[in-house]
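Points are grouped by topic.

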Amino acid sequence: MMNTRKNTSIIRNSQTKALVETIAQIIFTVCAVVAVLAVFSITLYMFLQGTPAFAQVGIREILFHSVWAPTAQTPSYGILYIILTSIIGTAAAVLIGVPIGVLTAVFLAEVAPRKLAAFVRPAIDLLAGIPSVIYGLLGIMILNPLMYRLEQIIFADSETHQFTGGANLISAVLVLVIMILPTVINISQSSLQAVQKDLKDASYGLGASQIQTIFRVQIPAAKSGIISAVVLGVGRAIGEAMAISLVSGSSVNFPLPFNSVRFLTTAIVSEMGYAADTHRMVLFSIGLVLFVFIMLINTLLTKILKGAPQDA
Amino acid sequence: MPSSLQRKKPRIADRVAYVFIYLSAAISVLILIGIIGYVFFRGVGSINLEFLTKATSARAGTTGIAGNIINTLYIIVITLMVAAPIGIGSAVFLNEYAKPGKFVRLIEFTTEILSGIPSIIFGLFGMVFFGTTLRLGYSILTGALTLTLMILPLITRNTQEALKTVPNSYRSGALGIGATKWYMIRTILLPSAMPGILTGVILAIGRIVGESAALLFTAGSGYILPKTASDFFSKIFESGGTMTIQLYLSMSKGQYDIAFGIALVLLVIVLGINFATKYLAHKFDLTKKK
């Protein structure tokens, strides 16, 4: 600094300035490229790590076989049930969570008196911030015992049912419902609030009630925002691991409500610690399957958002 | 009121809809109250001075999460030291330097993708890339670098939003009196955008504190306290489990008292973070109105 100040030549001074400017611009550009590099290398690594097992065990043996016995004498690596569990579990969580979420968004955006909204709003934000392991802990301590009691009643006479102690698909789905609620609520609410006021006024002007206006005018107008809320909810549910890893049970089964099940995520979490060789490679293949699902969901989301730039 | 126009006919469908709307909102609130109440009720008994200031040791006969608290702090600090400059820099590039085009779309698209990738995938990637390829193994550094990628979009997006709210007159004013662009960014833009940037950073801290799946296979589960000054730096190359990891491990071992103790500590932190972001958002709003 002292040097430049002593330096009386305006030209030299502006040269250093220009140099600093260029360096600053280069540094900022490099920072921006990090995200591109990260996505690129994550994609590359997921494929590099996930595909060898397909070559070694066979794509059909992994994707379309249902027996998961990686540590057996003659190991079998079929992940069909695991994939189905993730799809059905996510679908169920979204089917339950989205109506509750959208209605809560309606409540916050339209129905609630100001004071009540000012109380509910922060509660939703808090719900979003609670670490997923805590949901898992509460799932084990509250949901699983409840489910076990239900199980004992429903399957009292069944001889074939394997009792799970309550760690089953329903428990996991309920945990997922709670976890996707904040996402669905926040995005639906902001898209509902972005609906032009004219539409609402026109509807009232025609004599429609508030409920008619909400369900016939505002929700249809906010459709693309609500759809992206649903898609984000799907992404969140299918990618959640720690909250459901202990709640969903510990064996791979067909995803029936009272079966102990493994999701794509929970299979990785619970077995990566001790897996070796082919088993480990197949776990990476499971990761790849999950990654492909997420990428499909992301692409879908960008398509939706592009289709409706007005509420993006 | 004789006129029937004034008296609205109550529609049954409307009534039912209101009931469902109120019910949905009530469910969300009740779940939250239930969670906080239950965790407090079960966890408060585990919290004492030893629990917060000692590491669990069979020899000393202590049960505590001090090691995990330290690990969490390490990971927060290292992650932010790497992620904050990159995230802010990226936002400055997008908002101040880049001209709309393919390159910007690519960066914004990948940032969006990055925020949609689930943490377990980050965990797998971090384990293989930072852990194996870069030979960092199970260490606090591996965990922090993995989380860097995860929170990058959060910081970038918040900074970008904040930069967008800085009036253009600030920019032209500074440039007009002869400031260089970098000088303008450093002395005008970044300070004006500071509340927004801070909000991003605090939200990032919340994500880091609550994260578990991305850390399980990258930072590992160590819980030993650093003892000497030299440990202080070498610790980042050793395995270190955060509070959430310890919570998960305690829970899978059936040590529910410890698990609820940690859960309570985490909840208090989450509450604190929530209030901090609310406060900042409030402050930010006021500056926007001026």
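This is a predicted model: local features need pLDDT of at least 70, side-chain atom pairs count only at pLDDT 80 or more; totals for chains, interfaces and linings use all residues.

Buried residues account for 46% of the 290 residues of chain B. In chain A, likewise, 46% of the 312 residues are buried.

**Form of chain B**

- The secondary structure of chain B comprises 13 helices and two strands.
- The radius of gyration of chain B is 24 Å, whereas a compact globule of 290 residues would have a value near 19 Å.
- Taken along the principal axes, the box filled by the C-alpha atoms of chain B is roughly 80 × 65 × 35 Å.
- Counting contacts in chain B between residues at least 6 apart in sequence, 74% join residues at least 24 apart.

**Form of chain A**

- Chain A contains 13 helices and two strands.
- The C-alpha trace of chain A spans about 95 × 65 × 35 Å along its principal axes.
- Of the contacts in chain A between residues at least 6 apart in sequence, 73% are between residues at least 24 apart.

**Domains of chain A**

- Two domains are assigned in chain A, with domain 1 covering 2–57 and domain 2 covering 81–311.
- The centres of domain 1 of chain A and domain 2 of chain A, taken over C-alpha atoms, are 37 Å apart.
- In the contact between these domains, domain 1 of chain A contributes nine residues and domain 2 of chain A contributes eight residues.
- On the side of domain 1 of chain A that touches domain 2 of chain A, six residues are nonpolar, three are polar and none is charged.

**Contact between chain A and chain B**

- The contact between the chains involves 65 residues of chain A and 64 residues of chain B.
- Helices of chain A that each supply at least two residues to the side touching chain B include α2 (10–57), α4 (80–111), α7 (169–193) and α13 (277–307).
- The greatest contribution to the side of chain A that touches chain B comes from α2(A), which gives 20 residues.
- By class, the residues on the side of chain A that touches chain B are 47 nonpolar, 15 polar and three charged.

**Largest nonpolar core**

- The largest nonpolar core has 173 residues, and those with the most contacts inside it are A:Ile82, A:Val175, A:Leu176, B:Ile121, B:Ala204 and B:Ala263.
- With 16 residues, α7(A) provides the largest share of this core.
- Because domain 1 (2–57) and domain 2 (81–311) of chain A both give residues to this core, the core lies between them.
- Apart from its neighbours within four places in sequence, B:Ile121 is in contact with A:Ile42, A:Met46, A:Gly287, A:Leu290 and A:Phe291.

**An exposed loop residue of chain B**

- B:Thr228 lies in the loop that runs between α10 (213–216) and α11 (229–234) of chain B.
- B:Thr228 counts as exposed because 7 other C-beta atoms lie within 10 Å of its own, where the cut-off for an exposed residue is 12 or fewer.
- The C-alpha atoms of B:Thr228 and B:Ile86 are 32 Å apart, and the two residues are 142 residues apart along the chain.

Notes
Residues are numbered from 1 along each chain as its sequence is written. Chains are lettered from A and ligands numbered from 1 in the order in which they are written. Domain bounds come from an automatic or database domain assignment. Two residues are in contact if their C-beta atoms, placed from the backbone, lie within 7 Å. Ala, Val, Leu, Ile, Met, Phe, Trp, Tyr, Cys and Pro count as nonpolar, Asp, Glu, Lys and Arg as charged, and the others, Gly among them, as polar. Helices (H or I, at least four residues) and strands (E, at least two) are DSSP runs, numbered from the N terminus. A residue is buried if 20 or more other C-beta atoms lie within 10 Å of its own, exposed if 12 or fewer, and partly exposed in between; C-beta atoms are placed from the backbone. A nonpolar core is a set of buried Ala, Val, Leu, Ile, Met, Phe, Trp, Tyr and Cys residues joined through C-beta atoms within 7 Å. The radius of gyration is taken over C-alpha atoms; the globule rule is 2.2 Å times the number of residues to the power 0.38.
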